[in-house]
Amino acid sequence: MKSALAAVALLMAALASHAQTASAAFPYEADGATAADASSDYLAAKARWHNELAAFARADQERLPPPGGVVFVGSSTVRMWTRLSQDFARVPGGVVNRGFGGSTLADCSLFARELVVRYKPRQVMVYAGDNDLAEGRTPLQVLESFARFANAVRAELPDARISFISVKPSPSREQLMPQIRETNHVVSAYLNLLPNSEFIDIYTPMLGADGRPRMELFRGDRLHMTDEGYRLWQSVIASHLPGAAVPAAAALP
């Protein structure tokens, strides 16, 4: 526990120093360019996710979400939540789904401005990290990506609440559960030091009495969730959103 907290503290100090240096060396230009815009990682990610980003741009042209709502951003777990708007229809300002399948927290940190800041939300819900681990990143590397994401959001939206939905225990990635638990632990420790933020634990309620993932919550691919899985998520997340209380009949035990 102490070593994890020490690692988080060192990371926060390093990122704060990096942010100050980057701000001095790469001030925002009139067109909104940032240091990340010129980075090879950003350009590579933009090319990889060109179709998804273009689809979001077209949706915004048709109807730009009003400011003051809640943005959900992350990987396919968010993208495939097709009833997200209906599930949280009572949230003031509405909810925006900006999930893109196969994405990582590293991707989310690169696209924080495009996928979050432009909508000026009051709150951002982030779900990503398991793809990072599946690609071989360590829990501390996942934490670093999340910290960069949070810093990018807070740089322009200092009052926005940042909520991290814990990495879920997918049966297809059961071999990664030690890394998943460690990732959730270090991100939770980081959020304890970050004002106006929270860690939302969906990992624990997705486990059965035997400590293994509950199969009924997952589709045949053992990675993505069934409707029952999303109902569980709705019941857990609702209390963290304004006006999103779930009727008792809809909540799972």
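## What you are looking at

This is a predicted model, where local features need pLDDT of at least 70 and side-chain atom pairs count only at pLDDT 80 or more, while totals for chains, interfaces and linings use all residues. Residues are numbered from 1 along each chain as its sequence is written, and side-chain values use heavy atoms, with hydrogens and water left out.

The pLDDT is the predictor's confidence in each residue, on a scale from 0 to 100. For this chain the mean is 86, and 81% of the residues reach 70 or more. Residues 13-33 are another story: there the pLDDT is below 50, and the stretch has 15 contacts in the model beyond near neighbours in sequence. A contact here means heavy atoms within 4.5 Å. Residues 248-253 also stay under 50, with 6 contacts beyond four places in sequence. Where pLDDT is low, the predicted coordinates should not be read in detail.

## The overall build

The chain comes to 11 helices and 5 strands. These are DSSP runs numbered from the N terminus: helices are H or I with at least four residues, and strands are E with at least two. Of the 253 residues, 48% count as buried; buried means under 20% relative accessible area, exposed means over 50%, and partly exposed is in between (1.4 Å probe, protein chains only).

Among contacts between residues at least 6 apart in sequence, 75% join residues at least 24 apart. The accessible surface of the chain is about 12000 Å², and 55% of that belongs to carbon and sulfur atoms. The areas come from the Shrake-Rupley method with a 1.4 Å probe, and for residues only the protein chains shown count as cover.

## Rings that pair up

The structure holds 13 aromatic pairs. Rings of Phe, Tyr and Trp (its six-membered ring) pair if their centres lie within 6.5 Å; planes under 30 degrees apart count as stacked, over 60 as edge-to-face and the rest as tilted. Take Trp81 and Trp233: their ring centres are 6.1 Å apart and their planes are at 80°, so this pair is edge-to-face. Trp81 lies in the loop between helix 4 (76-79) and helix 5 (84-87), and Trp233 lies in helix 11 (residues 227-237), so the pair ties together parts 152 residues apart in sequence. Trp81 is buried at 3% relative accessibility, and Trp233 is buried at 1%.

Phe146 and Tyr190 make another edge-to-face pair, at 5.9 Å centre to centre and 85° between the planes. Phe146 is in helix 9 (residues 139-156) and Tyr190 in helix 10 (residues 177-192), so this pair links parts that are 44 residues apart in sequence. Phe146 is buried at 0% and Tyr190 at 2%. There is also a cluster: ring pairs link Phe72, Trp81, Phe88, Tyr127, Tyr230 and Trp233.

## Inside the core

A nonpolar core is a set of buried Ala, Val, Leu, Ile, Met, Phe, Trp, Tyr and Cys residues joined through side-chain atoms within 4.5 Å. The largest one has 68 residues, of which Phe72, Phe88, Phe146, Phe149 and Ile237 touch the most other members. Helix 9 gives the most to this core, with 7 residues. Leaving aside neighbours within four places in sequence, Phe149 is in contact with Val73, Cys108, Ser109, Ala112, Val116, Val124 and Val126.

Helix 11 has buried residues too: Gly229, Tyr230, Leu232, Trp233, Gln234, Val236 and Ile237. They pack against strand 1 (70-74), helix 4, helix 5, strand 3 (123-127), strand 4 (161-165) and strand 5 (197-200).

Asp132 sits in helix 8 (residues 130-134) and is buried at 0% relative accessibility. Beyond four places in sequence, Asp132 touches Thr104, Leu105, Ala106, Arg137 and Val142. Ser145, in helix 9, is buried at 10%. With residues up to four places away left out, Ser145 touches Leu105, Ala106 and Ser109.

## Positive phi in two loops

Asn196 has a phi near 50°, a positive value in a residue other than glycine. Asn196 lies in the loop between helix 10 and strand 5 and is partly exposed at 34%. Arg222, with phi near 60°, is in the loop between strand 5 and helix 11 and is partly exposed at 35%.
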